[in-house]
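Trainee: I am new to this structure. Can we go through it together, one question at a time?

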Amino acid sequence: LDRESALFLQGTEGVKVQNSAFERLDGNALMISGYNRYTTVQDNDFSFIGGNAIVSWGYTNETENSGFPYYTPRTNFPDAGVDGTDGNHPLYNSILGNSAREVGLYEKQSSFYMQAKTAKSTIMGNVFFN
């Protein structure tokens, strides 16, 4: 998974993406990356997308040697393992009433909504096929 997209959100609060059409994109359509709070993606149409329609992917404070670009800066790292207490990940996403079709034209492991290192999302009323 590449951390890039046609619409890239990072460091936002209260963003609403609504009534938009994402068509014929080679990669991911929408990325909610790192720190984001209360992002709403509602009533959009995704079609002929090369990668994922929507990706929500945060960062965790991993270890001192986790390296660029996966966590920057490398400070306040735990002795071992993954630590998400710094809040550098999406919280309270709302993915509502979207439609998606013909997703993953170039990416073999793609989806309508991919979530990693993200918490407390609401995903309701979406339609995804093909």
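Trainee: How many salt bridges does a search of the whole structure find?

Mentor: This is a predicted model, where local features need pLDDT of at least 70, side-chain atom pairs count only at pLDDT 80 or more, and totals for chains, interfaces and linings use all residues. Residues are numbered from 1 along each chain as its sequence is written, and side-chain values use heavy atoms, with hydrogens and water left out. A salt bridge is a side-chain nitrogen of Lys or Arg within 4 Å of a carboxyl oxygen of Asp or Glu. Across the whole structure, the search finds one.

Trainee: Which side chains meet in a salt bridge at 3.1 Å?

Mentor: Side chains of opposite charge can pair when their charged atoms come close. Here the N to O distance is 3.1 Å, and the partners are Arg101 and Glu102.

Trainee: Is Glu102 buried or exposed?

Mentor: Buried means under 20% relative accessible area, exposed over 50%, and partly exposed in between (1.4 Å probe, protein chains only). Arg101, at 30%, is partly exposed. Glu102 has 18%, so Glu102 counts as buried.

Trainee: Which residues have the most contacts inside the largest nonpolar core?

Mentor: A nonpolar core is a set of buried Ala, Val, Leu, Ile, Met, Phe, Trp, Tyr and Cys residues joined through side-chain atoms within 4.5 Å. The largest one has 16 residues. Those with the most contacts inside it are Val41, Phe46, Ile54 and Phe112.
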